[in-house]
Amino acid sequence: MSGSGPAPIGLDAAYATCRRIAAEHGRTYYLATTLLTPPRRRAVHALYAFARMVDDIVDHADDHAHRLDPRGDAPAEPTLSPAQHLDLVEKQLRLALEHGDLGRADPRRNQILAAAADTIRRHDIAHAHFWTFLDAMRMDVPGTATHRTRYATMTELREYMRGSAAAIGLQLLPVLGTVVPVAEAEPAAAALGEAFQLTNFLRDVGEDLDRGRVYLPTTELAAFGVDEDHLRACRASGRVDPPLRRALAHLIAVNRDIYRRAEPGVDLLEPRVRPAIRTAALLYAEILDRIEAADFEVFQRRATVPNRRRILVAAKGFATIR
């Protein structure tokens, strides 16, 4: 009817959309969530879907081009830029959290935002973790004040990962529950988020390079005689040469150290959720094993853990639930 607002969003349908996104795009995380209780499982799906939606806006802006007014109430020209999309997502999430109103926008995005807002409220997740995450995503978008595509040191990269990865771990803590004050569990949760993301950077170095990004710290690469031209030459040939192989081996060792620092944090979680987090950490860390087993040939194939192995690890996790 003319003048009526957008139809209310059914939360069951919204969470179902998030579950489908998690199943399609986050296979390791999705398998690990089967070890959680249904309420926690769908909350994790909602947080994953929100992060995935934002990541897709950054990486595949053309797939998310909606001719919407930033106020969300009428079509407008020109098509929103990725930076404007991120601003709109933040505005909609703030509206949903403060007033329960999303405005008029893409229905699928509204479902994800509705589920995320419901999860944030139900589990009392600090809103700041989401603004920190969105700020980090703006660093990946050309035209923003904070945009950057290179990181000189691991310290610089960790500052980026504070928002892009550690914040995800901090969002999850209230959902999972802890046996200590949440603040005591936060360092390990942040470290696990960093470990997962650095694994992604090592696995996806070729795809990131194609997008004009080099996340691997340039000084760490330079220590092994690898600069950006060297990296691009290896990408063009599809082969990893000895200097780059040594650099990747070094960074994998750094990555494993972050996993080790995160591991004690699992025991700070509620016992019922520990198998799920151990399963996710074990399977994701095994991507590093697969990179090594392929002789570091990250440009020829995407390192993945076979489904049979995933199912075996998850089954062992089920056996430990009490």
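The model is predicted, so local features are given at pLDDT of at least 70 and side-chain atom pairs at pLDDT 80 or more, while totals for chains, interfaces and linings use all residues. Residues are numbered from 1 along each chain as its sequence is written, and side-chain values use heavy atoms, with hydrogens and water left out.

The chain has 14 helices and 0 strands; these elements are DSSP runs numbered from the N terminus, with at least four residues of H or I for a helix and at least two of E for a strand. Buried residues make up 51% of the 322 residues, where buried means under 20% relative accessible area, exposed over 50% and partly exposed in between, for a 1.4 Å probe and protein chains only. Of the contacts (heavy atoms within 4.5 Å) between residues at least 6 apart in sequence, 72% join residues at least 24 apart.

The largest nonpolar core contains 101 residues. Such a core is a set of buried Ala, Val, Leu, Ile, Met, Phe, Trp, Tyr and Cys residues joined through side-chain atoms within 4.5 Å. The residues with the most contacts inside this core are Phe50, Val54, Leu93, Leu157, Tyr160, Leu202 and Leu244. Helix α3 (residues 38-59) supplies the largest share of the core, 12 residues.

Alanine 117, in helix α5 (residues 107-123), counts as buried because its relative accessibility is 1%. Leaving aside residues up to four places away in sequence, alanine 117 touches Leu93, Ala96 and Leu97. Alanine 117 is 67 residues from phenylalanine 50 in sequence, and their C-alpha atoms are 9.8 Å apart in space. Serine 164, in helix α7 (residues 154-176), counts as buried because its relative accessibility is 7%. With residues up to four places away in sequence again not counted, serine 164 touches Phe133, Ala136, Met137 and Gln197.

Helix α12 has 21 residues and reaches 30 Å from its first C-alpha to its last, close to the 30 Å expected at 1.5 Å a residue; the expected span is 1.5 Å times one less than the number of residues. Its buried residues include Leu244, Arg245, Asn255 and Tyr259, and the buried residues of α12 pack against α7, α8 (182-203), α10 (218-222), α11 (228-237) and α13. Leucine 244 touches Val226, His230, Leu231, Cys234 and Phe299, not counting residues up to four places away in sequence.

Grid points are joined across faces, edges and corners, and a volume is the space filled by probe spheres set on the points.

The second largest pocket has a volume of about 250 Å³. Of its 13 lining residues, Tyr259, Glu263, Ala281, Leu282 and Ala285 are the closest to its centre. Helices α12 (242-262) and α13 (274-293) each give two or more residues to this lining, and α13 gives the most, with 6. The lining has 7 nonpolar, no polar and 6 charged residues; Ala, Val, Leu, Ile, Met, Phe, Trp, Tyr, Cys and Pro count as nonpolar, Asp, Glu, Lys and Arg as charged, and the others, Gly among them, as polar.

Notes
1 Å grid on protein atoms, 1.4 Å probe; cavity = no way out; pocket = protein on both sides within 12 Å on 5 of 7 lines; lining within 4 Å.
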